[in-house]
Amino acid sequence: MITAEMVPPDLLIKRLAIYLKENVKTVDPPEWALLAKTASFKERVPDNAEDWWYIRAASLLRKLYVNSIIGIEKTRTIYGGRKRRGTRPEKFVKAPGHVNRLIFQQLEKAGLVQKIKNKGRSLSPKGRSLLDKLALEIFKELAENNTSLKVYLE
């Protein structure tokens, strides 16, 4: 069986972001998302300002697939980065949790994520099957170009 861990993450996240944008109506960026930076240590808004919300949602779904349970604090660390502080040395700073929390809440309404009390969130069976289905489609496309991968489809 082909899983989401067997395909390249960048292809899966792009395909999943497109799917979320077109098919899942509860995942929708708020009005302020086009103007907001993703963290205090960033200098500008994301380059793909229209779609960054869906890409983050897809990335969070893949992280849930790989890690099984993730809380907001863990996502703050995952999306954190180096803060430049002028003449002082750089240091690691966690990302804000508000965006990730809103995306998780939207994914819960869509039925793709479920909340586990005092632990975090995990993928629901519907979310897991969605990622596996998209991973299979991607793997089939990759197998068309590379004949050595066709063995795994049998």
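## The largest pocket

Let's start with the open space in this predicted model. The largest pocket has a lining of 14 residues, and those nearest its centre are Thr38, Lys42, Pro46, Trp52 and Arg56. The space inside this pocket comes to about 240 Å³. Sorted by class, its lining residues are 7 nonpolar, 4 charged and 3 polar.

Pro46, one of the residues nearest the pocket centre, is in contact with Ala36. Arg56, also among those nearest the centre, has its C-alpha atom 14 Å from that of Ala36.

## Ala36 in its loop

Where does Ala36 lie in the chain? Its place is the loop between helix 1, which covers 9–23, and helix 2, which covers 52–67. Is Ala36 buried or exposed? Ala36 counts as buried because its relative accessible area is 16%, under the cut-off of 20%.

Once neighbours within four places in sequence are set aside, the contacts of Ala36 are with Val45 and Pro46. Along the chain, 20 residues separate Ala36 from Arg56.

## The chain as a whole

The chain contains 5 helices and 5 strands. Reading from the N terminus, their order is α-α-β-α-β-β-α-β-β-α. The C-alpha trace spans about 55 × 35 × 30 Å along its principal axes.

Of the 154 residues, 40% are counted as buried. Among contacts with a separation of 6 or more, 61% are between residues 24 or more positions apart.

Which strands make up the open sheet, and in what order? The sheet has 3 strands in the order 1-5-4, and their pairing is antiparallel. Strand 1 (69–70) and strand 4 (113–116) are the edge strands, each pairing on one side only. Helix 4, residues 98–110, packs on this sheet and touches both strand 4 and strand 5. The direction of helix 4 makes about 115 degrees with that of strand 4.

Now for the pairings themselves. Strand 5, residues 120–123, is joined to strand 4 by 4 bridges, and the two run antiparallel. Within this pairing, Ile116 has Gly120 of strand 5 as its bridge partner. Strand 5 also pairs with strand 1 in the antiparallel sense, over 2 bridges. Here the bridge partner of Ile70 is Arg121 in strand 5.

Strand 4 and strand 5 form a hairpin with 3 residues between them, and Asn118 sits in the turn. Phi of Asn118 is positive, near 60 degrees, in a residue other than glycine. How does Asn118 stand in accessibility: buried or exposed? Asn118 counts as exposed because its relative accessibility is 76%, over the 50% cut-off.

Ser68 is another residue to look at for its backbone. Although not a glycine, Ser68 has a positive phi of about 70 degrees. Ser68 is found in the loop between helix 2 and strand 1. With a relative accessibility of 40%, Ser68 is classed as partly exposed, since that class lies between the cut-offs of 20% and 50%.

As an example of the pairing, Arg82 has Phe92 in strand 3 as its bridge partner.

Gly81 belongs to strand 2. Why does Gly81 count as buried? Its relative accessible area is 12%, and buried means under 20%. Which residues does Gly81 touch, not counting those up to four places away in sequence? They are Phe41, Lys91, Phe92 and Val93. From Gly81 to Phe92 the C-alpha to C-alpha distance is 5.5 Å, with the two residues 11 apart in sequence.

Definitions and conventions:
Residues numbered from 1 in each chain as written. Predicted model: local features only at pLDDT ≥ 70, side-chain atom pairs only at ≥ 80, totals over all residues. Heavy atoms only, no water. 1 Å grid on protein atoms, 1.4 Å probe; cavity = no way out; pocket = protein on both sides within 12 Å on 5 of 7 lines; lining within 4 Å. Points joined across faces, edges and corners; volume = space filled by probe spheres on them. Nonpolar A, V, L, I, M, F, W, Y, C, P; charged D, E, K, R; others polar. Buried < 20%, exposed > 50% of the residue type's maximum accessible area, 1.4 Å probe, protein only. Contact = heavy atoms within 4.5 Å. Pairing = 2+ DSSP bridges. Axes fitted to C-alpha atoms, helices over the stretch in contact; angles between N-to-C directions.
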